[in-house]
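Let's walk through this structure together, one piece at a time. Have a look at the model first, and then read on.

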Amino acid sequence: MSLCFLINLGKFVNVNASNNAERTIQNQVNDLFIAKSTIKHGINAKAYEIGAKDTKCTNPHGLDTEENYSTAWDIAKITCYAKKIAILSKIMNTTSITLNFGKTQKFLSNTNRLLHSYKYCDGGKTGYTALAGSCLVTTANKEDLNIVAV
């Protein structure tokens with residue numbers, strides 16, 4: 001699996017809030033690089049390092065388990081950190097993508113409506129799980145004032 005494919009899959013995850021695509025990324029990263037336990041340890045260690053001390057992940061996609069938890073404050077910290085990484089910032093700011101499946105094309109529009117309607121919105125992620133319900137973290141920048149809303 002190429003890095004380009006993983007980046008496009010990341011855009012699909014962000015634009016379409018796709019839990020299946022998130023699992024695919026997890027499986028490919030697991031297969032190519034490291035074991036699941038190492039990924040979990042790495043995610044939790046990084047979260048703690050950047051100040052997200054009330055977050056614990058037992059899987060990299062964030063789908064419901066009894067052991068996964070976070071706070072809005074921690075999600076904001078994680079988002080601020082991610083925005084500093086160029087490729088993640090670009091993915092979070094993707095408003096739409098067109099996927100090609102041979103002769104078939106599929107157009108997807110980002111489910112974060114603020115990216116389409118608020119000119120200062122420059123990123124974010126929508127999501128849904130049965131336990132959390134509908135979720136949104138979004139970012140905006142105006143005149144060097146950066147805002148994160150969870």
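Asp-122 and Lys-83 form a salt bridge, with their closest N and O atoms 3.6 Å apart; the term stands for a side-chain nitrogen of Lys or Arg within 4 Å of a carboxyl oxygen of Asp or Glu. Because Asp-122 lies in strand S3 and Lys-83 in helix H4, this pair ties together parts that are 39 residues apart in sequence. Helices (H or I, at least four residues) and strands (E, at least two) are DSSP runs, numbered from the N terminus. The model is a predicted one, in which local features need pLDDT of at least 70 and side-chain atom pairs count only at pLDDT 80 or more, while totals for chains, interfaces and linings use all residues. Residues are numbered from 1 along each chain as its sequence is written, and side-chain values use heavy atoms, leaving out hydrogens and water.

Now for the sheet. Its 3 strands are ordered S3-S4-S5, and the sheet is open with antiparallel pairing (two strands pair if DSSP finds at least two bridges between them). Strands S3 (121–129) and S5 (145–149) stand at the edges with a single partner strand each, so one side of each is left without a neighbour in the sheet. Strand S4, residues 133–142, pairs with S5 over 5 bridges. Ala-140, for instance, has Ile-147 in S5 as its bridge partner.

How many salt bridges does the structure hold? There are 2 salt bridges. Besides the pair described above, Lys-46 forms one with Glu-49, where the closest N and O atoms are 3.1 Å apart. These residues are 3 apart in helix H3 (residues 36–49), so about one helical turn separates Lys-46 from Glu-49.
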